There are 2 protein chains.
Amino acid sequence: MQAEIIAVGTEILLGQIDNTNASYVARGLAALGINVFHQQVVGDNPVRLEAALREAEERADLVVVMGGLGPTKDDLTKQVVAKHLQRELVLDEVAMQNITTHYQNSGRSIGNNDRLQALYIAGAQVLANHNGMAVGDFIHQANWTDYLVLPGPPRELKLMFDTEVKPALQATYQSTAKLTSRVLRFFGIGEAALAERLETLIDQQKNPTLATYAKDGEVTLRITASTNDSNEAQRLLDQVEKQVQALVGDFFYGYGDDNSLVKVVVEKLIKHKLTITAAESLTAGLFQSTLGTVGGVSAVFPGGFVTYAASAKQALIGVPADVIKEHGVVSSETATWMAKKAQQSLHTDIAVSFTGAAGPDSLEGNPAGTVWIGLAYRGTSVQTKLCHFSDDRQMNRWRAVLTGLNMVLRAIEADETLA
Amino acid sequence: MQAEIIAVGTEILLGQIDNTNASYVARGLAALGINVFHQQVVGDNPVRLEAALREAEERADLVVVMGGLGPTKDDLTKQVVAKHLQRELVLDEVAMQNITTHYQNSGRSIGNNDRLQALYIAGAQVLANHNGMAVGDFIHQANWTDYLVLPGPPRELKLMFDTEVKPALQATYQSTAKLTSRVLRFFGIGEAALAERLETLIDQQKNPTLATYAKDGEVTLRITASTNDSNEAQRLLDQVEKQVQALVGDFFYGYGDDNSLVKVVVEKLIKHKLTITAAESLTAGLFQSTLGTVGGVSAVFPGGFVTYAASAKQALIGVPADVIKEHGVVSSETATWMAKKAQQSLHTDIAVSFTGAAGPDSLEGNPAGTVWIGLAYRGTSVQTKLCHFSDDRQMNRWRAVLTGLNMVLRAIEADETLA
């Protein structure tokens with residue numbers, strides 16, 4: 001089964017927006033065992049779009065066309081695909097009702113173009129749009145090819161893909177074995193090092209298969225089993241996961257595509273009712289802001305400090321001037337005091353501190369990327385960690401934040417083991 | 001002049017990374033007056049890559065191939081293009097010397113594959129790689145087409161495009177008029193509203209042309225003049241900018257592609273020696289962390305507070321409990337106290353406060369997206385602003401940060417006017 005993705009839109013073609021839809025759909029198809037062999041981007045131009053459709057049909061069993069379903073005069077995708085397949089466009093009553101209701105609620109009248117969004121290609125399975133008005137189409141076997149026609153706005157596309165496209169594809173291609181995936185997430189090991197440790201496993205496994213993926217400092221491993229028996233699928237996944245955990249379990253922190261180190265940490269904090277604060281120098285609030293991305297964190301995170309200048313380290317949290325004078329700002333001692341004082345100020349169970357040189361310049365003779373991270377955990381003495389990051393300013397700050405989160409996670413886990 | 005971009009790489013094809021190189025190159029070419037009419041993505045597969053080259057040649061005057069220049073066995077782009085054009089690969093001595101030095105410095109020995117990165121296609125202009133080892137190629141008139149072969153890692157591609165590709169294209173296509181651009185940046189107006197206000201200008205102008213672009217809550221307008229006389233270019237740009245400023249000047253904040261609201265604000269702060277702090281609730285450190293992205297901000301930013309819980313608003317900066325009790329956390333009064341107290345604590349010229357409901361849940365009956373922002377500016381009384389954002393949690397927090405930065409900017413500008 002070979003798929004091809006065609007994104008339609010002059011704003012993608014001219015680089016005004018990144019084609020994130022293509023990567024989302026490609027990953028989603030891969031998880032269903034359908035590999036994308038070619039991608040195209042064309043502008044809002046009927047002649048070029050139809051040429052792209054013809055080329056794609058030659059190469060692929062499934063052609064995914066995204067974008068150009070809206071109500072403006074530029075939106076012609078549905079019309080072009082219908083013409084190419086020599087089919088009519090038909091009104092979907094449910095979608096039309098949604099559009100009517102939407103306009104009634106906003107007190108405006110429906111334009112003629114708005115009705116276009118309720119049209120589908122004759123013979124297609126209509127794909128509902130829960131984040132917008134334009135419906136999508138799944139057409140089985142036209143010109144010996146299957147077609148998906150999806151909306152361009154990422155919010156609409158992603159939800160339609162997850163709720164409508166996946167079930168439609170699974171139902172249609174059910175003769176092929178069902179794929180079941182499990183995603184393992186790691187921190188503290190690079191993708192290349194992870195792949196190297198798992199090399200034999202990756203090379204030898206045919207079912208399940210293993211694939212690594214790195215993004216924003218975290219690495220994930222997707223284990224995919226192909227079988228129609230769901231118990232058998234879980235058994236296969238368990239078996240491989242056990243081997244994986246034996247090799248790289250030290251770096252494992254959680255499961256799932258829609259997960260992250262900060263989510264796992266915040267869940268643990270909430271579960272154990274552990275409160276947290278931070279005193280941040282080079283990260284300047286990025287650690288706390290990252291905690292703030294997780295809804296519900298307010299139960300365990302009262303707030304904290306950004307102590308960017310040495311003076312603020314003294315004024316806000318009372319790091320003694322002679323500690324900074326004797327050991328420097330970038331030191332284990334300063335990190336220790338920052339964590340301890342922050343913990344005391346807000347009476348939290350945990351406090352994390354960050355002090356170092358984000359870059360591009362060095363600080364006190366410490367090269368850019370040198371960072372001390374302190375962790376005050378309940379009554380135990382503060383532990384500190386020295387890091388040497390070698391990326392640019394923003395990525396160095398981000399790696400420091402992730403390392404701090406990981407220190408918190410490991411401390412809680414150690415505590416869980418004792419309990 | 002029509003261009004086509006081909007990205008080579010299985011990791012893009014399968015959606016493991018976004019194809020940000022394509023949008024970068026497309027924007028860069030557009031700024032040179034070269035429009036991209038088609039994009040493709042193919043995997044690390046010589047047969048499919050050569051088929052893509054043949055198709056692109058049919059459509060385009062300039063074919064840009066990106067990715068697959070590295071030292072691994074998957075990296076075959078240069079070899080495939082050379083074979084397709086029936087040319088040899090030739091060693092570039094300068095690049096080879098760089099590779100040799102790199103390995104000597106790291107104490108490792110050069111592998112055979114590493115030498116591949118110093119090869120260029122016979123007859124090509126060699127494009128130096130200042131962020132990596134693989135050189136690029138610019139081939140003029142092969143198969144009636146021009147070819148660019150560029151590295152895949154974004155750091156390498158972007159620098160090579162800016163420092164090597166742009167001058168090469170400008171020199172080669174000098175018969176066409178030279179394009180000179182000026183980028184104007186706006187905040188506080190959406191792209192659609194900006195385009196609407198400028199509609200007549202955009203529709204009528206042929207030289208210079210105007211193009212809008214929206215990203216991450218900011219909007220830019222690129223004005224591009226086409227002429228070989230650089231004085232004439234500046235005159236044309238000045239003339240159109242004057243008309244633009246008359247229509248939307250209230251929202252203008254700065255110039256340039258590589259600029260942002262936070263950069264402009266930090267530059268102003270440093271220029272006027274104005275110090276700044278913040279007390280952040282829903283943004284949880286994002287405002288301060290954003291200040292921290294700009295190098296040199298330490299001169300004006302000592303640090304600040306994250307007062308996520310009501311208790312921290314009292315404990316850390318001394319917002320009176322009865323203010324919160326009477327007016328609520330999400331109120332002009334609380335925002336005022338937060339800004340004033342933060343300013344007093346760190347003796348800064350400016351303090352910004354944020355309190356509100358990031359979402360998805362409401363807070364104290366205020367719907368998600370309701371945010372009060374306070375600004376304490378030198379000795380003047382604190383001004384507050386009520387915002388209603390309607391995006392998701394992360395975007396609401398980001399829009400709050402941008403709005404706070406804009407309030408700071410406008411206050412400094414008003415001060416500059418008085419002086």
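This is a predicted model: local features need pLDDT of at least 70, side-chain atom pairs count only at pLDDT 80 or more; totals for chains, interfaces and linings use all residues.
Visitor: Through which surface do the copies meet?

Guide: They meet through the same surface, because 100% of the interface residues of chain B are also interface residues in chain A.

Visitor: What overall description can be given of chain A, in extent and in secondary structure?

Guide: The C-alpha trace of chain A spans about 80 × 55 × 40 Å along its principal axes. Chain A holds 16 helices and 17 strands. Of its 419 residues, 53% count as buried. For contacts in chain A between residues at least 6 apart in sequence, 68% join residues at least 24 apart.

Visitor: Which domains does the assignment give for chain A?

Guide: The assignment gives domain 1 (2-172), domain 2 (179-255) and domain 3 (261-418). Between the C-alpha centres of domain 1 of chain A and domain 2 of chain A there are 33 Å.

Visitor: What does UniProt place at residues 4-171 and at residues 223-250 of chain A?

Guide: An unreviewed UniProt entry places "domain: MoaB/Mog" at residues 4-171 of chain A. In the model, residues 4-171 of chain A are 44% helix and 24% strand, with end C-alpha atoms 20 Å apart. The feature "coiled-coil region", also from an unreviewed UniProt entry, is placed at residues 223-250 of chain A. Residues 223-250 of chain A are 68% helix and 14% strand in the model, and their end C-alpha atoms are 18 Å apart.

Visitor: How should I read a nonpolar core, and which residues have the most contacts inside the largest one?

Guide: In soluble globular proteins, nonpolar side chains tend to be buried together. Here the largest nonpolar core has 56 residues. Those with the most contacts inside it are Leu29(A), Leu62(A) and Leu169(A), together with Leu29(B), Leu62(B) and Leu169(B). Take Leu29(B): leaving aside neighbours within four places in sequence, its contacts are Ala3(B), Ile34(B), Val36(B), Leu62(B), Val64(B), Phe161(B) and Leu169(B).

Visitor: How do I read the buried side of a helix, and which residues of α11 of chain B are buried?

Guide: An α-helix has 3.6 residues a turn, so residues three or four places apart point the same way. In helix α11 (residues 261-271) of chain B, the buried residues are Leu261(B), Val262(B), Val264(B), Val265(B), Val266(B), Lys268(B) and Leu269(B). Their cover includes β11 (218-226), β12 (252-255), β13 (276-280), α12 (286-291), β15 (350-356) and α16 (393-418) of chain B. Just after α11(B) comes Lys273(B), with a positive phi of about 50°.

Visitor: Is Thr180(A) buried or exposed?

Guide: Thr180(A) counts as buried because its relative accessibility is 17%, and the cut-off for buried is under 20%. Thr180(A) sits in strand β9 (residues 179-186) of chain A. Not counting residues up to four places away in sequence, Thr180(A) touches Ile223(A), Thr224(A), Ala225(A), Ala233(A), Gln234(A) and Leu237(A).

Visitor: Which residues does a cis peptide bond join in chain A?

Guide: The cis peptide bond joins Gly359(A) and Pro360(A), with omega about 5°. Pro360(A) is in the loop between β15 (350-356) and β16 (370-377) of chain A. In chain B, the peptide bond from Gly359(B) to Pro360(B) is cis, and omega is near 5°. Pro360(B) lies in the loop between β15 and β16 (370-377) of chain B.

Technical notes. Residues are numbered from 1 along each chain as its sequence is written. Chains are lettered from A and ligands numbered from 1 in the order in which they are written. Side-chain values use heavy atoms; hydrogens and water are left out. Contact means heavy atoms within 4.5 Å. Domain bounds come from an automatic or database domain assignment. UniProt positions are given in the numbering used here, feature names are shortened, and annotations may be inferred rather than shown by experiment. Helices (H or I, at least four residues) and strands (E, at least two) are DSSP runs, numbered from the N terminus. A nonpolar core is a set of buried Ala, Val, Leu, Ile, Met, Phe, Trp, Tyr and Cys residues joined through side-chain atoms within 4.5 Å. Buried means under 20% relative accessible area, exposed over 50%, partly exposed in between (1.4 Å probe, protein chains only).
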